[in-house]
Amino acid sequence: MNTLSSLMGEREASAIRSKSLNYNYLTISESTSSLLKVLMIGGFPLAFLGVGIYTTVSRRRRQNEPV
């Protein structure tokens, strides 16, 4: 709205809109919470570690192959 007012030449018509103070909280069950904890603390780090090990081993194998 402020941009349109500025384009029309109305400099004094700018307004700052207030934010809503109503919050919507996310509610999840105990089982979902436990699953997310296991994935975030254990699953994802192990997956990234596995990908890193695989990448390192495959690069070393390619480096040592005869040309």
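Mentor: Of the 35 residues of α2, one is buried, so the helix lies largely in the open. Keep in mind that this is a predicted model.

Trainee: What makes Phe48 count as exposed?
Mentor: Its relative accessibility is 66%, and exposed means over 50%, so Phe48 falls in the exposed class. Phe48 sits in helix α2, which covers residues 30-64.

Trainee: Where is the kink in α2 centred?
Mentor: On Leu39, with a bend of about 40 degrees. From first C-alpha to last, the 35 residues of α2 reach 50 Å, close to the 51 Å expected.

Trainee: How many aromatic pairs does a search of the whole structure find?
Mentor: One. The pair is formed by the rings of Tyr23 and Tyr25, whose centres are 6.4 Å apart.

Trainee: Why is that pair of Tyr23 and Tyr25 called tilted?
Mentor: Stacked needs planes under 30 degrees apart and edge-to-face needs over 60. The planes of Tyr23 and Tyr25 stand at 45 degrees, so the pair is tilted. Both Tyr23 and Tyr25 are exposed.

Trainee: What percentage of the chain's residues count as buried?
Mentor: Of its 67 residues, 3%. The chain has two helices and zero strands, and it exposes about 7,000 Å², with carbon and sulfur atoms supplying 61% of that area.

Key: Residues numbered from 1 in each chain as written. Predicted model: local features only at pLDDT ≥ 70, side-chain atom pairs only at ≥ 80, totals over all residues. Heavy atoms only, no water. Helix = DSSP H or I, 4+ residues; strand = E, 2+ residues; numbered from the N terminus. Buried < 20%, exposed > 50% of the residue type's maximum accessible area, 1.4 Å probe, protein only. Areas by Shrake-Rupley, 256 points an atom, 1.4 Å probe, with all protein chains shown as cover. Phe/Tyr/Trp six-rings, centres within 6.5 Å; stacked < 30°, edge-to-face > 60°. Expected span 1.5 Å × (residues − 1). Bend = angle between axes of the 7 residues up to and from the residue.
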